[in-house]
Amino acid sequence: MTAADWDARYAHSELVWGTPPHPIVAEQATALQRSLLPSRTGEPPRALDLGCGEGRHTLWLATHGWQVTAVDFSQVGIDKGRTLAARLSRSARGRITWHCADVTDPAAGPDGPFELVLLTCLHLPPEQRRAVLRRAADLLIPDGLLLVLGHDPADPVAAEHDPATLFTPEDILRDLACLAGQLRERVADRVSRADADHPDILVLMTRIAPGDHGTIAL
């Protein structure tokens with residue numbers, strides 16, 4: 001779908017995705033934030049939300065103390081996110097930077113580094129997906145987390161997407177195989193949610209700190 005397609009979809013629905021975060025995003029971000037606390041010096045942890053849509057994860061992260069950069073190519077989605085952010089406290093909305101940009105454009109990418117990079121339901125053609133994933137991984141600090149979440153190709157829910165843009169855990173690992181030695185695989189699997197009757201594809205990768213060792217298992 002193009003930016004115009006998403007503009008139209010967001011314009012004809014109050015909220016396409018709702019406001020609560022995906023439970024896995026909330027769980028992983030909370031655990032990561034706790035692990036970072038001993039090394040923080042008063043600065044909030046930084047997150048990059050690629051393909052943020054209407055901003056449900058951006059908003060949740062900001063209200064939980066994260067400094068968030070939110071990127072999407074739909075101006076309507078970004079505007080809806082800003083509208084929702086206006087309801088937050090001044091401190092929370094002040095921790096969000098919104099960018100209307102195409103995540104597949106290398107020149108449009110924000111500067112890092114980040115403790116957390118999210119790609120949630122960002123379904124791209126394989127070549128574009130590989131490029132975005134690799135740039136995302138390069139933006140992580142040591143021990144930072146790359147979280148990739150998408151629709152399972154075998155799930156009927158995924159039927160609205162171009163089959164060529166869907167992916168499996170193995171696809172994501174192959175996309176990132178060139179960064180073996182820089183990333184450690186934590187999770188690469190199909191996961192089920194207690195609040196939904198369909199599975200998701202989840203891949204979690206941690207950037208390896210200097211002097212540490214790790215590999216991507218294929």
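1. Let me start with helix α4 (residues 75–85), which lies across β2 and β3 and runs at about 160° to β3. Helices (H or I, at least four residues) and strands (E, at least two) are DSSP runs numbered from the N terminus; contact means heavy atoms within 4.5 Å; axes are lines fitted to C-alpha atoms, for helices over the stretch in contact, with angles from 0 to 180 degrees between N-to-C directions.

2. Some housekeeping: this is a predicted model, where local features need pLDDT of at least 70 and side-chain atom pairs count only at pLDDT 80 or more, while totals for chains, interfaces and linings use all residues. Numbering runs from 1 along each chain as its sequence is written, and side-chain values use heavy atoms, leaving out hydrogens and water.

3. Back to α4: Gly77, Ile78, Lys80, Gly81, Leu84 and Ala85 are buried (under 20% relative accessible area; exposed is over 50%, partly exposed in between, with a 1.4 Å probe and protein chains only). They sit on the same side of α4 because they cover an arc of only 160° around the axis, the arc being that of the directions from the helix axis to the C-beta atoms.

4. The sheet is open, with 7 strands in the order β3-β2-β1-β4-β5-β7-β6 and mixed pairing (a pair needs at least two DSSP bridges). Its edge strands are β3 (96–100) and β6 (183–192), and the twist averages 15° from one strand to the next. Strand β2 (residues 67–72) runs parallel to β3, joined by 5 bridges; valine 68 has isoleucine 96 as its bridge partner in β3.

5. Helix α2 (residues 23–36) also packs on the sheet, touching β4 (114–120), β5 (140–151), β6 and β7 (199–207), and its direction makes about 175° with that of β5.

6. The peptide bond from glycine 112 to proline 113 is cis, with omega near 0°, and proline 113 is in the loop between β3 and β4. Cysteine 121 has a positive phi of about 55°, and aspartate 143, in strand β5, has one of about 75°. Most residues other than glycine have a negative phi.
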